[in-house]
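Dear colleague,

Please find the structure below, handed over for your records. My notes on what was found in it follow directly after.

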Amino acid sequence: MDLATLLGLVTAWGLIIATIALGAAAGTFVNMPSLAIVLGGTFAVVLMRFTLGQFIGSIKTATKAFLHKSESPQAIIDSVVELAAIARKEGLLALERQEISNPVLSKGIMMLVDGHEPGVVKKALLTEMNETLNRHSVGQQIFKAMGDAAPAMGMIGTLVGLVQMLSNMSDPKSIGPAMAVALLTTLYGAMLANMFALPIADKLSLRSSEEQMNKNIIIESVLGIQEGQNPKILGEILKNFLPASKRDTEEEAAA
């Protein structure tokens with residue numbers, strides 16, 4: 001589980017809810033028509049921009065922001081170095097007996113064991129990576145679309161409320177409460193966009209970048225093993241995918 005996402009979400013919403021609850025009239029912040037306009041309107045606008053299947057799939061994709069934690073690139077590199085050493089000593093067929101937790105790496109190794117050409121292996125792994133990134137990209141776009149639509153629907157709801165208020169000016173005492181209700185849709189839209197949709201889109205983008213780097217490491221690893229590269233040299237090559245700070249840390253630990 002990604003504690004940063006959960007902690008940020010709970011803290012942001014908790015602060016707003018606590019501030020409202022400590023106010024004199026917390027009940028005035030709850031208005032069902034305003035919620036209907038913002039939530040219903042946002043989802044409806046997003047549905048107009050994407051297919052129903054993509055919209056439903058984005059819900060599954062969003063769980064990656066909370067539950068998914070990318071495998072450590074260094075752990076993949078360590079695993080690959082071990083596999084490369086086995087392949088160099090015992091041959092590629094010996095890799096068939098190895099337990100490999102990463103499914104993409106396992107797929108690539110099995111293709112080596114089956115004797116596929118390097119070009120075929122690379123194309124298959126690149127296709128798998130690109131298709132995964134495309135699916136993730138759709139999820140990011142949907143949450144960004146929510147982040148765009150929610151404030152707009154909030155403003156639309158506010159304008160609707162103002163029109164209704166101004167059309168009934170016979171009772172001056174009702175203007176203040178009516179104005180408060182009208183402004184609630186703007187508040188709801190801003191909260192939905194900035195405290196949920198846009199942060200989720202950004203976290204999914206981060207997860208996608210992490211997964212892309214891991215898959216690139218795996219592709220380079222599989223091709224290196226197939227070429228019979230020295231395990232130590234292959235490990236050094238793969239470390240170039242890591243940020244300089246992490247490479248330095250790993251080198252110091254190894255020393």
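Arg97 and Glu90 are both exposed, a term used here for over 50% relative accessible area, with buried meaning under 20% and partly exposed in between (1.4 Å probe, protein chains only). The two residues form a salt bridge, and their closest N and O atoms are 3.2 Å apart. A salt bridge is counted when a side-chain nitrogen of Lys or Arg lies within 4 Å of a carboxyl oxygen of Asp or Glu. By this rule there are 4 salt bridges.

Please note that this is a predicted model, in which local features need pLDDT of at least 70 and side-chain atom pairs count only at pLDDT 80 or more, while totals for chains, interfaces and linings use all residues. Residues are numbered from 1 along each chain as its sequence is written, and side-chain values use heavy atoms, with hydrogens and water left out.

Two further salt bridges deserve a description. In one, Glu211 pairs with Lys215, with 2.8 Å between the closest N and O atoms. Both residues belong to helix α7, 4 residues apart, or about one turn of the helix; helices (H or I, at least four residues) and strands (E, at least two) are DSSP runs numbered from the N terminus. Glu211 and Lys215 are both buried. In the other, Glu236 is joined to Lys239, the closest N and O atoms being 3.9 Å apart. Glu236 is partly exposed because its relative accessible area is 38%, whereas Lys239, at 13%, is buried.

The search runs on a 1 Å grid over the protein atoms alone: a pocket is an open set of points where a 1.4 Å probe fits, with protein on both sides within 12 Å along at least five of seven lines, and lining residues have an atom within 4 Å of a point. Of the 14 residues that line the largest pocket, Trp13, Phe29, Leu35, Tyr188 and Met191 lie nearest its centre. Helices α1, α2 (32-49) and α7 (175-227) each give two or more residues to this lining, and α7 gives the most, with 5 residues. The lining has 14 nonpolar, no polar and no charged residues, where Ala, Val, Leu, Ile, Met, Phe, Trp, Tyr, Cys and Pro count as nonpolar, Asp, Glu, Lys and Arg as charged, and the others, Gly among them, as polar.

On the surface, Leu3, Leu6 and Val10 form a nonpolar patch with about 280 Å² of accessible area together. Leu3 is placed in helix α1 (residues 3-21) and counts as exposed because its relative accessibility is 61%. Patches are made of residues with over 30% relative accessible area and no salt bridge, like charges being joined within 9 Å and nonpolar side chains (Val, Leu, Ile, Met, Phe, Trp, Tyr) within 5 Å. Areas come from the Shrake-Rupley method with a 1.4 Å probe, and for residues only the protein chains shown count as cover.

Finally, some distances between C-alpha atoms. Ala201, in helix α7, is buried at 1% relative accessible area. Ala201 and Ala62 are 139 residues apart in sequence and 8.3 Å apart in space.

With kind regards
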